[in-house]
Amino acid sequence: MNKSFALFFLALLSVSCGTMTISKTSQFAKSPSLATMNGAYSNRSCYVHDGQKWSNYISILDFFGIEDETDDIAFAFEGPDKIRLTYYADSIKKEAVFYGKVKRKFIEITFHKDQFIIPLIYSRFSVDRIRIGVSAEGNGLAVERLWGTGGNFLFIGAGGAPASNYTFARVSQSGSHTPVIEGGKWGYADALSEYVIHPQYEYAARFEQGVARVKSNGKWSLINRDGEKISRCEYDWISPIDTLESPHFIVQVGGKWGVINRNGDQIIPTECDELNPSLRYGYSTFRIGEKYGVASREGVLYPAVFSDVNMSVLWPNGPNDRGIIATVQKDGEKYVIDKDGYAYEFTKSLFANQPINWKNKMKIGNSPE
């Protein structure tokens with residue numbers, strides 16, 4: 001009886017402390033030393049939710065509070081608790097150093113932790129920390145982030161700090177087309193350090209899926225492995241490649257946004273004042289002026305003719321059995337639209353839940369036939 005009471009009291013005490021976040025470590029491999037993690041890693045990790053890959057990538061630099069954009073990051077684990085990050089932001093080489101605590105499977109870096117407890121009565125906490133180790137598969141870097149706030153008053157609790165896990169692939173620094181810099185200019189070399197594309201660029205990104213981003217005279221373009229320019233025009237900025245289905249790049253020129261594919265073709269013209277790069281189940285929204293449109297990974301599905309687009313109907317399982325991807329408004333009327341370019345009216349009704357007229361489908365604007 002006394003043992004049961006003691007266990008109950010300890011559980012009650014734990015809950016009252018507002019720290020009931022259980023963090024698993026199965027995503028980390030047992031590593032003999034931190035030095036085994038030295039090397040270069042891709043800065044991007046696709047986010048997976050309920051088995052679905054989302055195209056908005058997570059950046060390693062985000063975890064360290066660094067807003068720079070880069071393709072790859074070199075990690076050097078120096079000493080028992082020191083990490084040095086080296087990367088190129090555009091054409092500028094940068095370094096950052098962080099310190100943490102070495103645990104059995106990882107190194108833990110705490111950026112912020114605050115906790116106040118009155119046992120069984122009141123607690124509050126906030127935490128922001130990451131753990132870095134070898135991924136369980138052994139071929140990448142595993143990063144766990146714990147971030148959040150919470151607490152309780154008596155038995156009433158709120159908030160929490162869920163753990164999110166990501167894996168970043170190791171990048172080879174030798175190969176047939178490895179970016180190299182000489183005399184302030186970038187080019188590409190093979191495994192024998194022989195030039196395959198002579199240094200001539202202000203910056204040259206790693207080749208992915210047969211193409212690479214390069215910068216010359218302040219403008220960005222795409223090239224193939226022969227060094228031939230394949231993008232139709234030059235841009236003020238080209239994003240790292242989105243490598244999910246129908247890989248593409250987000251581009252910007254003259255303050256306008258668009259999307260191009262690996263062939264350099266514009267699948268969303270660079271006319272957008274606003275572009276939502278987070279494709280939800282393969283669909284995205286864009287704005288031209290005061291109107292919104294909808295695009296898939298292959299191109300524009302609906303031009304910018306809507307006053308409002310709500311894609312929450314896709315959550316959490318994607319398009320339903322009728323292929324519905326969004327609810328929209330146009331000229332004061334409300335519709336649902338499908339993935340094939342058709343719109344369906346809501347039937348006029350006095351009730352809040354208006355039925356949809358599935359028998360009457362139509363094209364809106366100049367959506368593709």
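This is a predicted model: local features need pLDDT of at least 70, side-chain atom pairs count only at pLDDT 80 or more; totals for chains, interfaces and linings use all residues.
**Exercise 1**

Find what joins E95 and R84, and say which parts of the chain the pair ties together.

*Solution.* 
Step 1. Look at the side chains. E95 and R84 meet in a salt bridge, 3.2 Å from N to O. The cut-off is 4 Å, so the pair qualifies.
Step 2. Place each residue. E95 sits in strand β6 (residues 92-99), and R84 sits in strand β5 (residues 82-89). The pair therefore ties together parts that are eleven residues apart in sequence.
Step 3. Check accessibility. E95 has a relative accessible area of 46%, so E95 is partly exposed. R84 is at 21% and also counts as partly exposed. Buried would need a value under 20%.

**Exercise 2**

Decide for D128 and for R145: buried or partly exposed?

*Solution.* 
Step 1. Locate the partners. D128 belongs to strand β9 (residues 122-134), R145 to strand β10 (residues 140-153). They are 17 residues apart in sequence, so the bridge ties together separate parts.
Step 2. Apply the cut-off of 20%. D128, at 15% relative accessibility, counts as buried. R145, at 26%, is partly exposed.

**Exercise 3**

Examine the salt bridge between R131 and E144. State where the partners lie and how accessible R131 and E144 are.

*Solution.* 
Step 1. Read the distance. N to O is 3.6 Å.
Step 2. Assign the strands. R131 is in strand β9 and E144 in strand β10, 13 residues apart. The pair links distant parts of the chain.
Step 3. Judge burial. R131 has 13% relative accessibility and counts as buried. E144 has 1% and counts as buried too.

**Exercise 4**

Work out the strand order of the open five-stranded sheet, and name its edge strands.

*Solution.* 
Step 1. Write the order. The strands run β27-β28-β29-β30-β31, with antiparallel pairing.
Step 2. Find the edges. β27 (308-310) and β31 (356-362) each pair on one side only, and these are the edge strands.
Step 3. From one strand to the next, the average is 30°.
Step 4. Inspect one pairing. β27 pairs with β28 (residues 324-330) in the antiparallel sense, over three bridges. In this pairing, D308 stands opposite Q329 of β28.

Note on methods. Residues are numbered from 1 along each chain as its sequence is written. Side-chain values use heavy atoms; hydrogens and water are left out. A salt bridge is a side-chain nitrogen of Lys or Arg within 4 Å of a carboxyl oxygen of Asp or Glu. Helices (H or I, at least four residues) and strands (E, at least two) are DSSP runs, numbered from the N terminus. Buried means under 20% relative accessible area, exposed over 50%, partly exposed in between (1.4 Å probe, protein chains only). Two strands pair if DSSP finds at least two bridges between them. Axes are lines fitted to C-alpha atoms, for helices over the stretch in contact, and angles run from 0 to 180 degrees between N-to-C directions.
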